[in-house]
Structure formats: structure tokens, C-alpha cells
Amino acid sequence: MHTNYYFLRQLAPVLEGHIQGLRLMECFSQDRDELVLVFAQAKGKANYYRPFYIKTSLRPDFSGLLFPDVVQRARTNSIDLFGQVIGISPDDEEALEQGAPPGRLVMGVRTFLNERCLGITLDDGYTLLFKFFGNRPNLLAFQGNEVVELFNQKLASDQTLRLDTLDRPLDQSYEAFERAGFDHRKLFPTFGKEVNAYLNQNQELTSSPSDDDGARAVRRSGEAKWAEIQSVLALLDNPTYYLTTFEHRPTLALVPLGEIRQTFDNPIEASNRFYTNFAGLNYFEREKGEVLRLLDKRLKRAEAQIDANLERQIGREEGATHEEIAHILMANLHAIPEPPGQRSPERVELYDFYRDRPILIKLKTDLSPQKNAEGYYRKAKNEKIELDHIQQQIDLREAEIRTIRQHQSALAEVDSLKALRKYVKQHGLLTDGGPAAGPAELFKQIQHEGYTILIGRNAKNNDLLTQRYAFKEDLWLHARDVSGSHVVVKYQAGKRFPKTVIERAAELAAWYSKRRTDSLCPVIYTPKKFVRKPKGLAEGQVVVDKEEVVMVVPRG
């Protein structure tokens, strides 16, 4: 949370107390992606009185602020920056002799509503803005609302930023919380993963049931979570600063979380200690932390997949199976009215002798009751296949969890970079699913009418699916003219792909594409033998030599 809005909001007034009334004397860089700003009162050429230093790291993988007591500027490999903002340099003897003060005067320090930015306001309408946006941090200089200088020139979109648009007002009332389905992340996007993890420790919000009692329970749960959010906001307004270990790396948190090492009352002191702790990590600690975080992510994903499959399994077990429905229909053919033309009613209520209660059965009106029963018998075969597949997925995920935990235990004993890298390579921990991973581990997978449908997860994963796991007779699908997942239907010897299977796979291809929100989406499909990848194409890009198109509604 060292660049979080709530931390910057606490830092701003303390920092203002240190630099308000000083002048910005220098801004220089002597390391890539790092800047040093010097604030002081001048007493002659290059002679500063009580200087205050701000060192900032603006790397894509780490950004933050350090407030060192002393910074020794190198005589070589050092470059001055933001000359327009500084104005008259302390080295400009001619200007100084004429009575012009060096550097621009600091007027104050400000934050921006619900945004990860910190601004130092200077005289003549200048503002230095620390922008801590994920992997796009930067330092920008504004005069008025317009950008006049910036540190990282590669972030071209920063040139068009306007200072008066950085405040982000949000409706954070209980009514808005209720409208958001009791999802606080939509109202408080600046909480960050630390605060969200702290909230999740205290209370999990369940999904909304459809019945009235369930709706009341959700409202009560929402009210309880809202009270918890208010308690967290109170903590963030008057925080203790925790130097902790969270997700296997040093973290500065405003809530008690993880393995707490130290606590602080002053945000500058907390920022300094965190910065030095993070920067002091050696290569071994960094790499080991990354591997452990990757394993944690896979563990959570496997546990979530088990939960989802168990819910599907329970749902199947609680309701009547297709085979049971077919038996009930066949036993009650005489009780189903058949209008002229042998058409069935849309729904019929019959006696469920399995559960000793009435059951409402949906029928296809263009089929006779007996044909409807035959349809349910056909579905029963697929239902058994699907239940077997669900159990298979649960077994696979449980085995994956056991393997991950074995890796975590083994890595806890590794104490050298060489041993770490050997273990990681030996067990394929940085690949999508390890050397023994199969399609079920690498791709999203569903069964439909006995056919296996595989779905790519991202551009790199799409290439893996199409180039290594799809064979020439498999059916390949993709939403037309937009980016999205590659979808493959596995070929079954001697069988043609049913139209219903093609349409279902097309619905999935549309859903996992940029056309997800379209009412109707064109999807191309073709045997994989007509899909090729010439050299030079980006990840996920292919050339299709022959195709057909089907129009479908995107459905996940």
C-alpha cells in the first residue's frame, strides 16, 4: 500500500510540513528509472541549507518513495532533469547576482481523490506529479493543467493528462453498495489487494439466493459487511503503518495483515523502512518469492475449481436426473394430453414416484410425449458422461493440490539460488502446468454431448492449444475479426461434428472474445488442418485458409 491512495493521503500533510517554503533546487537521475529531488533554502552557489531529499523509483515492477538524509550525487553518469520546473539553477551565477532566487518555491503537497497520485505544488502555477499507476509509474510536470515535462517519455499517453481530471469522485454510499450487489470493490477500487484480503479474512459475502428468505439473508450479510467496511475506513483515516510480509514479499500495509515485522506512526519513516527492505531483497529472495506466489495462485485456482465442480455435482444429485424424468414420462404417457397433430404441451405436471411428490417436466411441443422421453434418455447418457467428467476434474484438482503443497514444503527448505533454479527447472514450475500437464490442466475444458471442447486462456495459451494440442481433423473456432480465445472441438473417429456441438463451441468462442457483449456474434469454424501460423506472427495470431461462419449468441 506504499503507493495506495489512502497511504498517500496520510503522507501528503507530513511531507508538506517538511518541504513547504523550501525551493526545488535540483532534479537529477543517476540510475535507470530513479530520480532524486532536492529541496532546500539556498545560500550561495551549490550551498544548500538543510536540504530535504526525495528519491523515487519508477520501475514498471516497483515504484515508491524514499526520503534519505543524504544523497551523494555522482560526478559522472548523472543527468539534470525538469529544468523548466526548477527555473533558475543555483549554478546560474549571473541570475543570482541580479537577485533572482534559485529554484521554485514549494507551496504545498496535495493528493487526488481516489487516485494513486501525489502532487507537489510550486509557484508560477507549476505542479510536480508522482503518478503511481500500476506498471506505468511516472513523474510529470504541469503548468496549470497542461503537461510540460515528463520523466518516462515512452508513456506517450501521459502527455495528454490534465491535472483537473485526476480527481475521481465516487458514490460510496450504502445505496450504491446495494446497487453494486454488495461488491465493495466497485465503490472502493483504491482499497488494493491488502485491504481486500483483510476484509475477506473477516467476512465472505455469499451469492444472492432467489427466494425471499435468501434475499433477506443477503441484505443482512450486506449490512454486516458495510459495517466492516466502515471500520476499515476508520482504520485508514487514522492508521498504524505495518511493515509486514504478505504473499511472500515485504509489504507496507495500513491494516494488520500477514506476518507483521514492525509498526510505525510516521508515514515517512514507514515508507523509508519499506523501501530499504524491498530494495534490499537479493536475487534468491526475489525469485523464491515469485515461485511461491505462482504456486499460491495455482493452489487458489485449483480449490476454486473443486468448489465449482462440487456445486455442479450437488446440483445434479439434488434434482431429478434425465433418466428419472424419462422413466416418469414413460410411466405416465396415458396421463399426458395430446392435442391434435400429436403435439405435446410445453410443461406437464406428473407424479414423481422417486421422491413421492409432483414434478413439473418441460417438453418440446413439436414432439410426442414418447419422443420427448426418448430425448431425455439420450440426454441421460451425456449426463452420466458429464458426471464422470466432473468427478474426474475433482480428482485431478485434488491431486494437483497435493503436488503443489509438496512443492511448497520442498521450497521452504531450499536456501540457495542454484538449488532453487534447479528445483524449479526439474519440476517445470514456471510452465503452464508442469511437464506432465495435459489438456485438462492447460486449457478451459467442457464436455457437450460427449464431445470435448478446449478453450485457450490467453494469446500464448492459444498458440499452445492450436499448435501442439489440436490435430488436423479437430474443429477449430474463433470469433470473427476480433481478439479472443481459440476453441477446439476434439474429433471422434468416424463421426461428423453435430450442428448442436458446433453451435455450443461457437457460443463459447464468442463469449471468450471481445464480442462477449454483442447480441449476435459471427464465429468462424474450420478443420484445424486449414489453420497455420507463419513465422513472424504475434502470439495467438494465425492464418485461416478455409472457413465457414455461424451466427450465435455469446454464452459462457
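**Entry 1: the sheet around E11**

I began with strand E11, residues 241-246, and found that five bridges join E11 to E12, the two running antiparallel. I note at the outset that the model is a predicted one. Within this pairing I looked up Thr244, which stands opposite Thr251 of E12.

I then traced the whole sheet. E12, E11 and E13 form an open sheet of three strands in that order, with antiparallel pairing. Strands E12 (249-253) and E13 (259-264) are at the edges and have a single partner strand each, so one side of each lacks a neighbour in the sheet. For the twist I recorded an average of 25 degrees from one strand to the next.

I next asked which helix packs on this sheet. Helix H7, residues 267-279, does so, and touches E11, E12 and E13. I noted that the direction of H7 makes about 170 degrees with that of E12.

**Entry 2: salt bridges**

I turned to the charged side chains and recorded 27 salt bridges in the structure. I examined several of them individually.

I looked up Asp167 and Arg110, whose side chains meet in a salt bridge at 3.3 Å, N to O. This pair links distant parts of the chain, 57 residues apart. I placed Asp167 in the loop between strand E10 (146-150) and helix H4 (174-179), and Arg110 in strand E6, residues 104-111. Asp167 is partly exposed, its relative accessible area being 35%. Arg110 is also partly exposed, with a value of 29%.

I then checked Arg397 and Glu400, which form a salt bridge at 2.8 Å, N to O. Both belong to helix H10 (residues 369-413), and because they are three residues apart there, about one helical turn separates them. Is Arg397 buried or exposed? I found Arg397 buried, with a relative accessible area of 2%.

My next pair was Lys490 and Asp474, a salt bridge in which the closest N and O atoms are 2.6 Å apart. I recorded both Lys490 and Asp474 as buried.

Technical notes. Residues are numbered from 1 along each chain as its sequence is written. This is a predicted model: local features need pLDDT of at least 70, side-chain atom pairs count only at pLDDT 80 or more; totals for chains, interfaces and linings use all residues. Side-chain values use heavy atoms; hydrogens and water are left out. Two strands pair if DSSP finds at least two bridges between them. Helices (H or I, at least four residues) and strands (E, at least two) are DSSP runs, numbered from the N terminus. Axes are lines fitted to C-alpha atoms, for helices over the stretch in contact, and angles run from 0 to 180 degrees between N-to-C directions. Contact means heavy atoms within 4.5 Å. A salt bridge is a side-chain nitrogen of Lys or Arg within 4 Å of a carboxyl oxygen of Asp or Glu. Buried means under 20% relative accessible area, exposed over 50%, partly exposed in between (1.4 Å probe, protein chains only).
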